[in-house]
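Thanks for asking me to look this over. Here are a few notes to read with the structure open beside you.

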Amino acid sequence: MADKLRTQQQLESLQNKYIGTGHADTTKHEWLSNIARDSYSSYQGHPSLLSYMAIGMGKCEERVRAECMEKMVLPVGPKPEVEQG
C-alpha cells in the first residue's frame with residue numbers, strides 16, 4: 001500500500017512540475033496543444049532540425065523559427081465550446 005501511495009505522490013509531483021504530463025481532467029484539446037507546442041519548441045531548439053526544415057520549405061531559418069513561434073499561440077485552433085447540460 002505504501003508503494004502505491006508513494007507512486008501516486010510522485011505522479012502528482014511530476015504533474016505539478018511539468019504541465020504537459022497531463023492529469024485525469026486534461027481535455028483532448030489541452031493535450032494536443034501541449035504536444036504541438038512541445039514539438040514547435042523542439043524544432044526551434046535544435047538548429048540542425050530547423051535547418052533541415054528550412055531547406056525543405058525553401059525558406060530561411062529565421063522565417064521558419066518565426067512561423068513556429070506564431071503557431072505556438074494556437075497550435076491546434078481555438079478551444080472548442082463546451083456544451084452545458
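This is a predicted model: local features need pLDDT of at least 70, side-chain atom pairs count only at pLDDT 80 or more; totals for chains, interfaces and linings use all residues.

1. His29 belongs to helix α2. Its relative accessibility is 17%, so His29 counts as buried, the cut-off for that being under 20%.

2. Now follow α2, which covers residues 28–45, along to Tyr40 and Tyr43. These two tyrosines are three residues apart in the helix, which means about one helical turn separates them.

3. How many aromatic pairs does the count come to? The count is one. Tyr40 and Tyr43 make up an edge-to-face pair, with 6.0 Å from centre to centre and 80° between the planes. The edge-to-face label applies because planes over 60 degrees apart are classed that way.

4. Are the two tyrosines buried or exposed? Tyr40 counts as buried, at 17% relative accessibility, whereas Tyr43 is partly exposed, with a relative accessible area of 26%.

5. Next, look at how α2 packs with helix α4 (residues 61–71): the angle is about 160° and the axes are 9 Å apart. The two helices are therefore roughly antiparallel to each other, since angles over 145 degrees count as such. Their crossing is left-handed.

6. On the α2 side, this contact is made by Tyr40, Tyr43 and Gln44, and on the α4 side by Arg65, Cys68, Met69 and Lys71. By type, the residues of the contact divide into four nonpolar, one polar and two charged.

Key:
Residues are numbered from 1 along each chain as its sequence is written. Side-chain values use heavy atoms; hydrogens and water are left out. Rings of Phe, Tyr and Trp (its six-membered ring) pair if their centres lie within 6.5 Å; planes under 30 degrees apart count as stacked, over 60 as edge-to-face and the rest as tilted. Helices (H or I, at least four residues) and strands (E, at least two) are DSSP runs, numbered from the N terminus. Buried means under 20% relative accessible area, exposed over 50%, partly exposed in between (1.4 Å probe, protein chains only). Axes are lines fitted to C-alpha atoms, for helices over the stretch in contact, and angles run from 0 to 180 degrees between N-to-C directions. Angles under 35 degrees count as roughly parallel, over 145 as roughly antiparallel, 65 to 115 as roughly perpendicular and the rest as oblique. A crossing is left-handed if the near helix is turned anticlockwise from the far one by less than a right angle, and right-handed if clockwise. Contact means heavy atoms within 4.5 Å. Ala, Val, Leu, Ile, Met, Phe, Trp, Tyr, Cys and Pro count as nonpolar, Asp, Glu, Lys and Arg as charged, and the others, Gly among them, as polar.
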